[in-house]
Amino acid sequence: MRWTAYFQEGWQNLLSAKLRSILALTGILVGTASVVAMISGGEMATNEALKQFKTLGTDLLAITISESSDKLFQNATQKSLSVEQAKAISDSDHSILEVAPYIQLYNPIQFNGHALDGAIVGVTESFARITHIEMAEGRFISDLDHYEPFCVIGDGLYQQIKQHTLMNPVGQQIQVGSAIFTIAGVAKYFPENSFVDGNVNNAVILPIEAAFLASQYAVINNIVLKLSENASSDRVEVHVENYLRHIFSGKQYAFRSAKELVKRMGKQNEIFTVFLGLIGGVSLLVGGIGVMNIMLVSVVERRREMGIRMAVGATRRDIRLLFLVEAVILAMAGGLLGVLLGIVIAYGVALYWHWEFTIFLWPPLVGFTVSVATGVFFGFYPAHQASRLNPVVALRAD
Amino acid sequence: MSSLIRLKNISKVYRSHASEFHALKSINLELNRGEMIAIVGASGSGKSTLMNIIGFLDQGTSGHYLFSDQDVSRLTSDELSHIRNQKTGFVFQSFFLLPKMNALQNVMLPLFYRNEEKELSRQKALSLLKKVGMEKFSHYKPNQLSGGQQQRVAIARALVGNPEIILADEPTGSLDSGTGRDVMQLLLDLHQAEKRTIVIVTHDEKISRHCQRTIIINDGRIV
């Protein structure tokens with residue numbers, strides 16, 4: 001009951017000095033809004049970065065094979081992994097479910113006499129399953145294609161072709177280097193991800209065997225593995241590296257596991273978010289100083305009132321509470337409005353960068369809590385000042 | 001009749017870095033329950049300081065203050081607040097009502113700091129407003145009331161906690177002579193009908209003549 005009385009009184013005092021209260025509140029509001037907007041923005045950016053794993057899953061392991069810089073191994077026994085050897089990797093360990101070796105080439109591409117800007121990717125049927133390539137039209141590469149001159153084009157390449165002809169590209173022919181391929185399908189837009197090297201959207205996708213024929217430089221330099229759900233990617237990495245070393249020497253292997261990437265991105269984004277939060281915190285600090293400033297003026301102006309209250313029996317604690325409650329009301333109101341504004345700003349940011357907008361629970365919670373704490377912290381000094389007034393002096397004040 | 005207040009050798013010294021100012025010099029004073037006294041003196045004589053000490057708003061630099069035979073000369077700030085709340089009621093020259101509160105809320109204020117239940121406080125405050133003839137104005141803000149009415153509300157506030165002593169500092173100083181007389185009559189009635197202990201600080205001889213005893217202060221001493 002006493003507390004409600006304190007809050008009623010604090011509220012009335014704030015109302016009686018409207019402009020001043022609004023100014024103090026604005027400081028807290030802007031500070032809280034910036035904390036909430038910054039942290040929400042950071043979280044959304046994290047989400048956006050991790051989005052690829054929602055479709056891909058986190059049980060992928062990518063291997064890039066490159067030439068060792070060590071001269072000793074340069075005259076290696078075998079130049080490239082064969083398709084069969086690559087496929088056999090999945091049989092060598094029970095936690096490897098599927099294997100997709102692929103080849104990247106940079107032969108010139110022509111369509112109807114128009115040069116197109118793109119690359120060549122030689123793949124197996126499993127590639128679409130593992131990396132979730134979806135078809136807009138036609139079919140994907142099949143393992144039954146072997147050396148047949150069929151190909152699939154990416155969405156980007158399709159857009160380029162559309163500028164030259166209005167015909168449906170499926171069934172048309174496209175020239176890759178000196179070979180002619182028939183377009184068997186068009187892939188849908190493929191979102192960028194950190195697993196597949198090269199730009200699948202701007203690629204002519206060939207059967208892997210046909211790619212070997214298309215260029216003498218064709219080498220299987222990338223493999224994507226799909227692992228069973230609870231497989232340890234560290235263990236599989238060691239296993240695969242040993243397996244490959246048995247086949248040929250003089251190579252270097254770089255592994256990228258989805259779990260590892262998620263972890264690293266998570267860590268980076270955490271630091272990023274903390275820094276954004278700190279920047280927001282600085283404006284909240286400024287807002288808090290505003291509250292203190294205004295409260296200090298209020299203490300001086302209301303000295304006589306404090307004197308009267310002391311004369312009828314208010315203790316120092318009572319006087320302190322009187323001002324603290326006002327600071328807390330200001331901070332809570334500012335915090336609440338700030339949280340709302342912060343969410344609106346975060347929404348604007350999401351709209352501008354085409355991110356998926358999500359309301360996170362913890363940035364508003366943090367923003368609100370910190371703003372109330374700021375109010376208490378910066379309200380404390382003026383409240384303390386007021387409580388130390390000498391009643392005789394306070395009564396004499398005008 | 002037992003003595004309510006006994007001041008023994010109370011002195012008050014204000015020190016600044018360069019000089020000392022002796023506001024009160026070895027004051028000895030005894031005040032009985034139910035007495036009504038006037039403290040008279042020129043401004044700067046120390047009469048307000050004396051009243052502040054008697055009313056626990058201030059403390060002497062040296063000497064002893066016995067209130068109901070208890071030594072209260074060295075109390076902490078919280079203890080002073082408590083004793084002011086329980087034992088004293090103040091009436092000031094410029095009324096000192098809180099401008100944002102209405103008459104009723106002003107009268108209830110001492111009870112709020114006593115942690116008294118709200119409805120009970122309301123009842124008490126209303127009956128006190130009735131006693132001072134202000135029951136019709138309980139929802140008026142101080143700036144809607146005349147000076148005499150404000151002082152009546154202030155007297156109700158001083159009485160609401162049923163204090164042992166009422167301290168009035170120039171209670172008629174801001175009022176015209178007619179309303180001043182009415183307010184003075186109210187204080188006299190309280191003294192006579194309820195045997196209230198009242199200390200009035202004034203420089204008006206007409207007022208001091210109503211009191212049983214007059215103490216004249218000059219230059220920090222009782223003469």
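**View 1. Strand β3 of chain B pairs with β8 of chain B in the parallel sense.** Five bridges join β3(B) to β8(B), residues 197-202; strands are DSSP runs (E, at least two residues) numbered from the N terminus, and two of them pair if DSSP finds at least two bridges between them. Here Val40(B) faces Thr202(B) in β8(B) as its opposite number. Another parallel partner is β9(B), residues 213-218, again over five bridges, with Ile39(B) opposite Ile215(B). This is a predicted model, in which local features need pLDDT of at least 70 and side-chain atom pairs count only at pLDDT 80 or more, while totals for chains, interfaces and linings use all residues. Residues are numbered from 1 along each chain as its sequence is written, and chains are lettered from A and ligands numbered from 1 in the order in which they are written.

**View 2. Both faces of β3(B) are covered.** Six of the six residues of this strand (36-41) are buried, so β3(B) is largely enclosed by the rest of the structure. A residue is buried if 20 or more other C-beta atoms, placed from the backbone, lie within 10 Å of its own. In a regular strand the side chains alternate between the two faces of the sheet. Look for Met36(B), Ala38(B) and Val40(B) on one side, and Ile37(B), Ile39(B) and Gly41(B) on the other.

**View 3. Four strands of chain B form an open sheet.** The order is β2-β1-β4-β5, with antiparallel pairing. At the edges sit β2(B), residues 20-32, and β5(B), residues 70-71, each pairing on one side only. Nine bridges link β1(B), residues 3-15, to β2(B), and Tyr14(B) lies opposite Phe21(B) in that pair.

**View 4. Helix α9 of chain A is mostly covered.** Helices are DSSP runs of H or I with at least four residues. In α9(A), residues 303-311, seven of the nine residues are buried, among them Met306(A), Ile308(A) and Met310(A). The buried residues pack against α10, α11 and α12 of chain A, together with α2 and β6 of chain B. After the helix comes Gly313(A), with a positive phi near 120°.

**View 5. Chain A meets chain B.** The contact takes 17 residues from chain A and 21 residues from chain B, where two residues are in contact if their C-beta atoms, placed from the backbone, lie within 7 Å. On the chain A side, α1, α9, α10 and α12 each supply at least two residues.

Terms used:
Buried ≥ 20, exposed ≤ 12 C-beta atoms within 10 Å, placed from the backbone.
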